[in-house]
Amino acid sequence: MHPLLKSIWFMVVLGVVSQIVGSLLPRRIFHGDRPPFSPFRWEKDGKIYEYLHIRRWKDRVPDMSRILKSMVKKKLPVGSSSARMDLLVQETCVAELIHSLLIVAGLRLLRIWPGIGGWIVYLIYVLLGNLPFIMIQRYNRPRLVHLVEKTKEREGSL
């Protein structure tokens, strides 16, 4: 089998496995306001991603929650509770972790296809298949965490 086909199969299997692993992770262990998920100082609470015009393209990338009905939807309905928002924050943490692990696991592509071909496939896999999704999570999460805090304050005052 050609190394490109082996690489594609590997990426498909990795995607399916990562979806299963991500769905099995207990959400309670993820906290968007704690490292490694809290914003780094250089990210300026996610504002650094605006230089990459993330608002223009973030809603155009594939979203598995549109395909798999069991996944938490990424859009917050108006009047969402702080618990619903908290769940979405946890989902952003899980998504970031899974995409980060996929980048590491993707290094196997360099063994499947040694040389320049493997490097090209790996870089495409990282730059198009994982890095944009990590950036979206790191852009959205600080705003969601602030929204959760404000909503909890409002809910507490009712």
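Predicted model: local features only at pLDDT ≥ 70, side-chain atom pairs only at ≥ 80, totals over all residues.

Reader: OK, which backbone oxygen lies 2.9 Å from a polar atom of the serine 18 side chain?

Author: That's the backbone oxygen of glycine 15.

Reader: And where is serine 18 placed?

Author: Serine 18 is in helix H1, residues 3-24. Helices here are DSSP runs (H or I, at least four residues), as are strands (E, at least two), numbered from the N terminus.

Reader: Is serine 18 buried or exposed?

Author: Serine 18 counts as buried because its relative accessibility is 12%. The cut-offs are under 20% relative accessible area for buried, over 50% for exposed, and partly exposed in between (1.4 Å probe, protein chains only).

Reader: What does serine 18 touch, leaving out residues up to four places away in sequence?

Author: Ile98 and Leu102, with contact meaning heavy atoms within 4.5 Å. Alanine 95 is 77 residues from serine 18 in sequence, with 9.8 Å between their C-alpha atoms.

Reader: Switching topic: how many salt bridges does the structure hold?

Author: There are 7, each being a side-chain nitrogen of Lys or Arg within 4 Å of a carboxyl oxygen of Asp or Glu. Arginine 138 and glutamate 96 form one of them, at 2.8 Å from N to O. That pair links distant parts of the chain, with arginine 138 in helix H7 (residues 131-156) and glutamate 96 in helix H4 (residues 82-105), 42 residues apart.

Reader: Why does glutamate 96 count as buried?

Author: Because its relative accessibility is 8%. Arginine 138 is buried too, at 6%.

Reader: Which residues are linked in a network of salt bridges?

Author: Glu43, Glu96, Arg138 and Arg141.

Reader: What about arginine 55, which residue does it form a salt bridge with?

Author: Glutamate 50, and the closest N and O atoms are 3.3 Å apart. Arginine 55 counts as exposed at 57% relative accessibility, and glutamate 50 as partly exposed at 34%.

Terms used:
Residues numbered from 1 in each chain as written. Heavy atoms only, no water. Polar contact = N/O pair within 3.5 Å; in protein donor to acceptor, adjacent residues only side chain to side chain.
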